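User: Please take a close look at the side-chain contacts here. Start with the salt bridges, then go on to ring pairs and surface charge.

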Amino acid sequence: MIRLRYGDQQELRIDLPEEAAVADFSTPRGCPLADPSGAVAAALSKPLGYPPLRRAVTPGDRVVLAIDKGVPQLSGVVAGAVQSLLSGSVSPEDITLLLAPQENGVRGGDLTAALAPAVAGAVHVVEHDPQNQAELSYLAASKENRPIYIHRQLFDADLILPIGCLRPRRVLGRLGVHGGLFPTFSDVKTRERFQAADAARVSVQKKRRREEAEEAAWLLGIQIVLQLVPGAGNTVLHALAGTAEAVAKRGRRLCDAAWLCRVPRRFGLVIATIEGGPGEQTWENFARALSAALAAVEDEGVILLCTDLRCLPGPALRALAALNEAPEAIREIRRARSPDAVSAALLAEVRDRVQLYLLSGLDGETVEELGIGYVSQEQEIEHLCQQFESFLVLADAHRAGVVVEMDL
């Protein structure tokens, strides 16, 4: 029997055939930090290639913590960073916690839960709204002559500390250390451009988008970053602070050690999960999990995604459902700039190659209109498993990278 966690602490118990060959990546490699707040404070006291944070600030400095989506142990991480700033004589009133747009996630109150009441009441909490032009400032024109807009708090700050999560190689849409800063805190048009299917999947476009994110960070004068290697669910394995180059170099090794799954061959059935609360149950993470599973499944094999996804399909997926496999559907999806565009593009391409089943919080009709098999019970999953002799179990697949050694 294997136990698989998915969603917000939901669990599957599946009896697999005794003779089945199972590659089990049901947990990432590494021990979660017992005290993420303390680990963040320690990382900021000895950053990689940079002086201690307390020495990089002076009284009166306006400091912004730019916090990306999906940061685990959020209140503890914020508390560790804020404490480091307070030890450098920064006043709580001069600290702004700038939160990425949270379509389904936590709101500002959760950010300050681990702070002392007086500090929590003094720091500013702002959620970025890319549609609010009054909150945006023009930074510069990019090398491609595109206007770079950024949240006004970042434009006016004396010091910016981006906080985000590292991803291993092979993860769909990986933009590097600065991806959580830009286009996250930019305008609607820029964010939509990065959401296009080609931006995440075509090598030339991926390179351009990564370079654009790095250029925006350089123009903002980013000198220090705080990046986390997430563990299973809402845990943290490592906290790294320092220059972007130094953090990326060390973080790549740590993140690959935890999340890069090397398998000898492809499998007939890949069972992949997305663990976490509503903020993790998105079509964007659906695409990441599906991409990881696709890397390891045999042609004409089966992928089972176990999620608690409840977001209704966006415009790209609705176009796919309405037009099915018509050429117009592919063209419509390639033009889409919605958060579900990459998911729609993947589905359009792989439905003839594999069978895909989805466990989610969506109703059967919605799932099946997308050409995906609907499952809702453990018995259905066990019945599916009985038909295969080889399995790959891939937990938190939206964070995992997959390397098939026979393909190298």
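Analyst: The count of salt bridges comes to 15 (a side-chain nitrogen of Lys or Arg within 4 Å of a carboxyl oxygen of Asp or Glu). The model is predicted: local features need pLDDT of at least 70 and side-chain atom pairs 80 or more, while totals for chains, interfaces and linings use all residues. Residues are numbered from 1 along each chain as its sequence is written, and side-chain values use heavy atoms, without hydrogens or water.

Arg5 sits in strand β1 (residues 2-6) and Glu275 in the loop between β13 (267-273) and α9, so the pair ties together parts 270 residues apart in sequence. Helices (H or I, at least four residues) and strands (E, at least two) are DSSP runs numbered from the N terminus. Arg5 is partly exposed at 37% relative accessibility. Glu275 is buried at 10%. Buried means under 20% relative accessible area, exposed over 50%, partly exposed in between (1.4 Å probe, protein chains only).

Now Glu284. This residue bridges to Lys69, with the closest N and O atoms 3.3 Å apart. Glu284 lies in helix α9 and Lys69 in the loop between β4 (63-67) and α2 (74-86); the two are 215 residues apart. Glu284 is partly exposed at 33%, and Lys69 is partly exposed at 29%. Glu284 also forms a salt bridge with Arg288, at 3.1 Å from N to O. Both lie in helix α9, four residues apart, about one turn. Arg288 is buried, at 10%. Elsewhere, salt bridges with shared partners join Glu144, Arg146, Arg193, Arg208, Arg209 and Glu212 into one network.

Next, the rings. There are three aromatic pairs (Phe, Tyr or six-membered Trp ring centres within 6.5 Å; planes under 30 degrees apart are stacked, over 60 edge-to-face, the rest tilted). Tyr138 and Tyr149 are edge-to-face, with 5.7 Å between centres and 65° between planes. Tyr138 is in strand β7 (residues 136-141) and Tyr149 in strand β8 (residues 147-151), so this pair ties together parts eleven residues apart in sequence. Tyr138 is partly exposed at 44%, and Tyr149 is partly exposed at 27%. Trp283 and Phe286 have centres 4.9 Å apart and planes at 65°, so they too are edge-to-face. They are three residues apart in helix α9 (residues 283-294), about one helical turn. Trp283 is buried at 5%, and Phe286 is buried at 1%.
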